[in-house]
Amino acid sequence: MVYLSPPPVVEPPLQFHSFDAVYVESLCEGDRQTQEHFVGYFSALLQVKLRARLQSRHAIEDVRQETFARVFAVLRKEGGLKNPERLGAFVNSVCNNVLFETYRSSGRVESLDLEDRPEPQATGPDALAIVSARQMSDKVREILLDMAPRDRFLLKAVFLEQRDREEVCREFGVDREYLRVLLHRAKQEFKTEYVKRHGGSVPLDAGA
Amino acid sequence: MNHNEALEQMTVERYLLGELDADAREDFEEHMFCCPDCALDSRVATLFIEEAKAELGEIAPTQPEVKDTGKRDKGRNRWYSWWRPAFAAPVFAALVAVIGYQNLVTFPVLRNAASQPAVVPVAPLSGAARGEMRTTVVADRGRGIAVPVDIPLDPGIGTFVSYSFELYNPQGKLAWSGTIPAPAQGSAGDFELSLVMPGGMLKDGIYSVSISGTGAHGESTPIERYAFNLVVTK
C-alpha cells in the first residue's frame, strides 16, 4: 500500500483534530476522511522532521511510507494503541525507529504493511490551489523585500547557500539570537497570511 | 517540554536553524507531534524557508553583498568609500593647496616671528585692574600686547612650587592656560611677569587672568585675578 502524499501545491483547509478514541477508531475502520486527514497532517510533520535528517526526497518518502505502514499495522491490531491521545507521539516514535533502521542499513527497509486496505487518495491540484500557492509565494517575496538588504543576505547565506551559521553570523556582525528573531518575525508575518487563507491548519502539502 | 517553554525559548526557530542538541531535538519533536500550535508554527516556518530559498535566488541584490555585511563590514566600507575618486580627488587637491600655502607663506612668517625681535606694547595696567575693577587697554592687532602680571611673594599667602595662569576671553571661555615655576624661596617683593597676547587672538571685550599658586602636594590656592577691557585697533 502506498500512502499518497498530496501534490505539493494542494493545501486543503483541514483543521487540527483532537486525537482521541473516536478519531483512532475511525482511522482503524478505514474512514476515508479521517485517513486523509491523518496522512496529510502527519506527512507535513514528518517532512519537517525528516528534512534535516535525510538528504534525498526518495529517502524521506521511504521513511514516511514505512512510518505510516507501521503505524497502521499497530492501530489495526486488537488493542493496538492504548492511549489514543498519544497518537502524535506514537507516530513520532515509530518514525524514529524507522529512521534508526534506515541509518543502520543502507538496504531497503522491508515494509510491515501487509494488509490490503484501500489507500487514501489525494485529489490533484485545482486552479484555486495553484493560485493560493502562488499567493503564498508572493507573500514570502513581499516579506523578503520588506527586510533590510542585510537581513535578506543573511537568510540567503544561511538557507540558500547553507553556509556555516557561526561563520555567517560573524561575517554579518550579528549573533545567533538575531538570526532566530529574524526567522521568528518572518514566520509570524507569514503565519498571519497563512492562517488567513487556511485557518489554523497544517497544510497537506509537505513541501516535498 | 510544554508549549509555553517552546514559545519562550523560541524552540521552533532553534529547531529549524539546527541549534538543538540531539536530546532537545527529540524532546521538541515529540512535543511538536502532539501540540497543534507548535506543529503549525513549525510547518509555517518550514514553508517560509522553502519558499524563501526559491525567492532569494531570484531577488536581485540591490547592492553588493559586502556592503551589507554587518557592523564590522559596514564600518570597513564606509572607510573605503572615502577613497572613491569623486570624493578623494578634490580633497587631495585642497590638501595640496593648503600645504603649498603653509610652506610658501605661513611657515616663513612664523619662522621670522620666532627668530626676530619684536616690539610689543605693554598694557598700562595698574593695581586698579586687579579684582573686579577694570581698565581699558588699547591693543594693536598686528603686534599684540603684553600684560604685566605681578605676583606677590608673601609667605603669608603660602609657599608655592609653581604658578598657574588662566586667560578667559570676552565670551568667558578659557582661551589659554600655562604654568611657570616659582622663584627660589627667599625672594622678596613681587614676582614680575608679562603675559604676551599675540594680535591674532585678540578680540574686543573684557579679558580676565586668574593666577593660582600650586603647593608641593599639588594643592591649588587662588592668588590674583586681573580683568581688563580690551579695545583692538587695525
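Strand β3 (residues 162-168) of chain B is joined to strand β6 (residues 205-214) of chain B by seven bridges, and the two strands run antiparallel. Within this pairing, B:Ser164 has B:Ser212 of β6(B) as its bridge partner. Strands are taken as DSSP runs of E of at least two residues and helices as runs of H or I of at least four residues, numbered from the N terminus; two strands are paired if DSSP finds at least two bridges between them. The model is a predicted one, in which local features need pLDDT of at least 70 and side-chain atom pairs count only at pLDDT 80 or more, whereas totals for chains, interfaces and linings use all residues. Residues are numbered from 1 along each chain as its sequence is written, and chains are lettered from A and ligands numbered from 1 in the order in which they are written.

The two strands belong to an open sheet of five strands in chain B, with the order β1-β7-β6-β3-β4 and mixed pairing. Its edge strands, β1 (135-140) and β4 (174-181) of chain B, each pair on one side only. On average, neighbouring strands of this sheet are turned by 30° against each other, direction ignored.

The contact between the chains takes 41 residues from chain B and 43 residues from chain A, two residues being in contact if their C-beta atoms, placed from the backbone, lie within 7 Å. On the side of chain B that touches chain A, at least two residues each are supplied by α2 (11-16), α3 (22-32), α4 (36-58) and α5 (70-81) of chain B. The largest share, 19 residues, comes from α4(B).

In chain A, helix α1 (residues 21-28) packs against helix α2 (residues 32-50) at an angle of about 105°, with the axes 8 Å apart. The helices are therefore roughly perpendicular, a class that covers angles of 65 to 115 degrees. Axes are lines fitted to C-alpha atoms, for helices over the stretch in contact, and angles run from 0 to 180 degrees between N-to-C directions. A:Tyr23, A:Ser26 and A:Leu27 of α1(A) meet A:Thr34, A:Gln35 and A:Phe38 of α2(A).

The mean pLDDT of chain A (the predictor's confidence in each residue, from 0 to 100) is 78, and 75% of its residues reach 70 or more. Over residues 108-123 of chain A the pLDDT is below 50, although this stretch has 32 contacts in the model beyond near neighbours in sequence. Where pLDDT is low, predicted coordinates should not be read in detail.

Technical notes: Angles under 35 degrees count as roughly parallel, over 145 as roughly antiparallel, 65 to 115 as roughly perpendicular and the rest as oblique.
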